[in-house]
Amino acid sequence: MKLNMSLIAMAVLACLMSSTQVAEANTRRSLLDHHRYPQSLLNLSPKFFDPVGQCNLDEYKGRIETEWFVPLENLVTYPCSKGYLSNLGANTNLLKDLKKDISKQGWDMGTAKKCGDKCDIVNNLVLSEKLLEETFHQRSFLNLLQSKPRYSEELFYFCNNDPNKGPLGVLNQLWDAKKDPMEQPRGNRNACECGQFMVEGKMVDFEYGCSKCIGEVNYEVKKCYDYEPSSK
């Protein structure tokens, strides 16, 4: 009887261990699936390995025009501004625009293809040049959020400019905290507006409220690494 009980206990223990091992294996598999590298990211353009032409863009200096729509969720973190033109976290089109221009220059100078994917850009020399005037003719967030009643909470949170209704809208707070009141006074205007307005005798750019940011960015290429076919 004691022998049978021992055998049963051993069998139960083996089952528990097996269940634990299965659970651990499933957990490992789940983690691997979660961290699996997307195969689509391994796909290169067929033009990448085209051996015709050399990029010839080492130490090349260029300037691009770039633009992006500002997501409402980024309006406090990264509103439209000259400084954020050259910020990869803010300008979601910047890398694509840089690569496109480098590829164009490589083709124009030496009929090389996909140079934008083969050249090392000097990160600290990707610098904002200026906002273009088109920026100030875009729809403002004030206009967009006033367009439908369903945006009433967003309108109040970002753009309220009436102290009788509640706290100052956060974009107005941001303006007041970051802008020099002597050089860029806000006066009674709303930071959610987009345009160039005369305020207290000064022409002031109201870019924070612009839903699309357009400007110029300077960049410099450090070195390009051209494709050389194997001699085998």
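Which residues of α2 are buried? In this predicted model, the buried residues of the helix are Leu94, Asp97, Leu98, Asp101, Ile102, Ser103, Gln105, Gly106 and Gly110. These buried residues pack against three strands, namely β1 (61-69), β2 (119-121) and β6 (212-224). Helix α2 itself covers residues 94-110, 17 residues in all. From the first C-alpha to the last, α2 reaches 24 Å, close to the 24 Å expected at 1.5 Å a residue.

The protein chain as a whole contains five helices and six strands. Their order along the sequence is α-β-α-β-β-α-α-α-β-β-β. Of the 232 residues in the chain, 36% are buried. Among contacts with a separation of 6 or more, 67% are between residues 24 or more positions apart. The accessible surface of the chain amounts to about 15100 Å², and carbon and sulfur atoms account for 54% of this surface.

One cavity of 30 Å³ or more is present in the structure, and the largest cavity has a volume of about 50 Å³. The lining of the largest cavity is formed by Asp50, Pro51, Gly53, Gln54, Cys55, Ala112, Lys113, Lys118, Asp226 and Tyr227. By residue class, this lining consists of four nonpolar, two polar and four charged residues.

How values were computed
Residues numbered from 1 in each chain as written. Predicted model: local features only at pLDDT ≥ 70, side-chain atom pairs only at ≥ 80, totals over all residues. Heavy atoms only, no water. Helix = DSSP H or I, 4+ residues; strand = E, 2+ residues; numbered from the N terminus. Expected span 1.5 Å × (residues − 1). Buried < 20%, exposed > 50% of the residue type's maximum accessible area, 1.4 Å probe, protein only. Contact = heavy atoms within 4.5 Å. 1 Å grid on protein atoms, 1.4 Å probe; cavity = no way out; pocket = protein on both sides within 12 Å on 5 of 7 lines; lining within 4 Å. Points joined across faces, edges and corners; volume = space filled by probe spheres on them. Nonpolar A, V, L, I, M, F, W, Y, C, P; charged D, E, K, R; others polar. Areas by Shrake-Rupley, 256 points an atom, 1.4 Å probe, with all protein chains shown as cover.
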